[in-house]
Amino acid sequence: MEKTILKSPRTGDSCIHVKHSSGLDIYICEMPGFSSVEALFGTKYGSINTMFRQNGDSEYTTVPEGIAHFLEHKLFENEDCDVFELYAKTGASGNAFTSFDKTAYLFSCSKNYQESLRILLDFVQKPYFTKETVDKEQGIIGQEIKMTNDNPEWRVFFNMLRCMYHSHPVKIDIAGTVESIAQIDADLLYKCYNTFYNLNNMVLSIAGNISADEVLAICDECLKPCEDKGLETVFPEEPEDIVQAEVYESQPVGASIFNIGYKCADCRGEERLKKSMEASIVSSLLTDASSDMYQKLLKDGIINSSFGSEVFTGDGYFTVIFSGESDQPEKVRDALAAEVERIIREGICEKDFQRIKKSTYGMLVRELNNVEAVANLMMNSHMDETGPYDAISVLSEMTAADALGFMRESFSRDKLVMSVITAEL
Amino acid sequence: MRYNRTELAGNIGFSSIIDEKFKTGSLTVRFITELSGEKAAANALGIGALSASSARYRTLAELNEKLSSLYGAGLSTFARKRGDVQVLGLTASWICSRYAIDGEDVDSEMLEMIRGCIFEPNVKDGAFDADSYAITKKDLLDRIDAELNNKRGYALSRAAEVAFRGEPAEVSCYGTKEAASAVSAEEAYKAYLSLIKDSQVEIYYIAPQEDDRVLEMFRDSFAGIQRNSGKVRFENISPVKREPVTESDVFDVLQCKMVMTFKTASEDSAAMKMLSIIFGETPVSKLFLNVREKMSLCYYCACRYTQSKGALMVDSGVERENIEKARDEILRQLDEIRNGNITDEEIQSALLSADNALTQIGDTPSSYSAWYFERFCEGKVITPEERYEDYRMVTKERIVQAAKSLSLDSIYLMLDKEVKE
């Protein structure tokens with residue numbers, strides 16, 4: 001078992017990383033003074049991982065869309081009871097989520113964390129799928145798919161991704177479709193489980209009112225050693241260009257909403273973190289409420305305070321998204337594109353850059369003030385192949401020239417797409 | 001943690017919550033007034049204008065530039081509803097000075113900014129500055145429009161309208177779009193002045209260390225204001241309708257929503273809360289295990305109890321053909337409780353769930369602020385531990401009585417377009 005203490009020289013925060021003999025990476029952050037505990041047991045397996053193979057497989061296996069999310073639902077059922085019933089005995093609040101590139105099982109509690117941790121480690125390592133339970137889940141997930149399709153924020157986002165990506169599975173809905181989940185059976189679930197729920201592909205992240213020694217003792221007790229089977233996931237070849245520049249959909253909404261995004265080149269690890277931070281700074285500059293563009297759009301009644309930005313990235317995809325409410329989204333897009341061109345031509349104002357950098361630093365410090373955020377930060381950074389405090393270091397070293405370089409390289413007008421949800425077309 | 005509440009003047013309370021573990025300072029000022037259809041929109045605009053500019057930072061651009069230079073400090077305003085009461089406020093948070101890279105005194109600068117926004121708004125000739133006000137107004141109108149974008153939230157709002165018809169609580173915390181459209185910059189400023197002078201005010205300061213300047217700033221600022229504030233009534237039990245009513249709207253949606261409102265005159269709030277947890281607040285509740293898991297009738301089916309109105313709402317996402325079945329099963333599960341079919345395990349797990357939630361209070365500045373404000377509204381400051389003791393003393397018989405005291409008042413349905421009624 002290798003144990004490393006990770007520290008942030010800037011804030012003084014620290015956490016422990018352990019490479020457990022079972023193969024699992026474990027992150028522990030003791031947070032004195034806090035009452036709660038947040039634990040996440042995650043696997044690097046999300047909706048985009050539909051093609052994979054392991055040592056000894058000659059061919060790639062392709063599985064139906066939505067299977068990672070389906071598996072997450074089913075893992076909550078043990079052979080003899082439901083996992084929620086177990087948490088009910090400790091008082092913890094249990095949950096799980098599936099995103100594009102990860103699935104995580106979590107609990108938050110303030111008492112009996114040791115017992116809740118045993119439950120978490122135990123049920124995630126103990127799958128139980130039968131034809132009957134799989135059939136029943138198809139109905140429940142079918143309803144979830146309908147509910148998310150009624151969510152305009154969800155629709156506008158996926159419509160944008162479909163405009164951007166030709167082949168990459170990031171464009172498919174996390175839960176799949178009613179048709180794709182109908183192809184899922186118990187055997188396929190076991191196949192995916194045995195591939196992705198190998199401890200070498202997983203991470204445990206726990207923060208709050210805990211003792212690292214206690215956590216490690218429970219891990220020693222509950223983790224079953226896994227052989228690293230050399231998991232390999234692949235994605236279809238994705239062209240650099242976009243599919244189409246815009247898409248409109250009608251839904252019952254009170255306010256029309258938009259997602260405008262630049263399709264950028266994807267990258268991994270430290271490079272992805274660096275580019276993400278640069279993207280975050282330049283998108284914050286563009287949506288900064290004190291900028292001339294923002295003020296003009298606001299004054300003309302084209303945007304409101306919902307206008308904001310987000311960097312969205314993972315294995316094989318990297319986009320910078322601008323979102324908000326507007327009756328004239330085309331004007332927002334055109335103003336954004338023009339402002340990007342102006343900045344590329346004239347450069348980034350050093351004073352504004354330093355101000356946005358400070359603002360981003362403040363956000364990162366605030367994150368360390370919250371048990372849930374710290375647990376998520378440790379898990380996410382591990383899955384992104386970086387450290388939990390690396391973002392603060394990367395930020396402190398970034399120059400305006402770096403940010404401008406990202407903009408020049410990544411914000412190309414022909415890779416700009418717009419998705420709109422409006423009440424009437 | 002050290003909690004201390006000081007009465008600054010008539011109906012102005014200042015609560016200081018000092019907890020060394022935080023890296024941030026935060027401050028929330030709540031103006032509390034009766035909710036009314038006439039004034040709700042003007043009040044929301046009067047408060048909203050305070051975060052758009054101030055006498056010192058005369059545009060949103062200037063204000064935001066200053067906030068982002070203070071390490072992305074947050075400053076925003078809000079309008080909420082709590083039963084028959086409208087709670088309007090300004091909230092701010094910032095990283096403490098000791099984390100500032102360039103040694104800025106962030107704490108002092110934020111205190112000054114908050115003072116300016118609340119007590120020295122951007123006003124000319126008895127009206128909010130026209131440009132800033134236009135931004136505030138558009139924002140509120142858009143927010144009202146955007147309520148429909150969140151179908152579950154919209155269904156709950158419409159259900160409250162139906163359940164509390166004729167009472168202040170039927171009004172949205174933002175007022176109506178028509179009312180908001182009609183409010184001028186002058187009227188919004190008058191509404192702001194009225195809030196400053198006539199409303200109850202509760203201030204919550206949460207930080208890692210004491211700073212007497214915060215209390216002094218508010219004491220001095222309010223000293224110059226002629227106050228004429230009365231006390232609002234926080235609890236107004238809603239009468240149950242003679243016959244349950246059902247109202248519906250039709251939208252182009254895939255999943256229908258059903259919200260059932262039950263009402264009670266029971267004063268046993270601890271038993272009502274325990275009932276609510278057992279009935280539908282957790283994944284081992286009767287509604288989740290039966291209506292969702294066993295019968296697959298709804299994707300979600302949960303309940304919430306609003307003590308200030310004596311109302312318990314069950315909301316669900318349900319397919320059109322299952323609405324009746326789901327309604328019957330929800331009623332049947334309530335009857336189960338009324339008939340005493342509650343296990344010791346259910347009571348124990350409800351207690352554990354409540355205990356965990358209560359013990360987590362204090363892990364974020366906002367949870368402290370919300371906890372102490374709610375206790376202020378209830379008229380008695382108690383600790384989360386004391387609240388847990390209240391729950392622990394609830395017997396099965398009291399839960400049964402609480403369930404028996406509930407009557408179905410109304411049902412709101414959001415229906416899909418396919419089906420003609």
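In chain B, look at helix α9 (residues 269–280) and helix α15 (residues 396–404): their axes come within 8 Å and cross at roughly 85°. An axis here is a line fitted to C-alpha atoms, for helices over the stretch in contact, with angles from 0 to 180 degrees between N-to-C directions. Helices are DSSP runs of H or I with at least four residues, strands are runs of E with at least two, and both are numbered from the N terminus. Because of that angle, α9(B) counts as roughly perpendicular to α15(B), a label that covers 65 to 115 degrees.

This is a predicted model, where local features need pLDDT of at least 70, side-chain atom pairs count only at pLDDT 80 or more, and totals for chains, interfaces and linings use all residues. Residues are numbered from 1 along each chain as its sequence is written, and chains are lettered from A and ligands numbered from 1 in the order in which they are written.

Among the residues in contact are B:Leu275 of α9(B) and B:Ile399 of α15(B); contact means C-beta atoms, placed from the backbone, within 7 Å.

Next, the sheet in chain A. Five strands form an open sheet in the order β11-β15-β12-β14-β13, with mixed pairing. Strands pair if DSSP finds at least two bridges between them. The edges are β11 (246–250) and β13 (308–314) of chain A. From one strand to the next, the twist averages 20°. β11(A) runs parallel to β15(A), residues 416–422, and five bridges join them. One bridge partner of this kind is A:Ser419 in β15(A), for A:Val247.

Last, the chain contact: 56 residues come from chain A and 49 from chain B. On the chain B side, α4(B) gives the largest share, seven residues.

How values were computed: Two residues are in contact if their C-beta atoms, placed from the backbone, lie within 7 Å. Angles under 35 degrees count as roughly parallel, over 145 as roughly antiparallel, 65 to 115 as roughly perpendicular and the rest as oblique.
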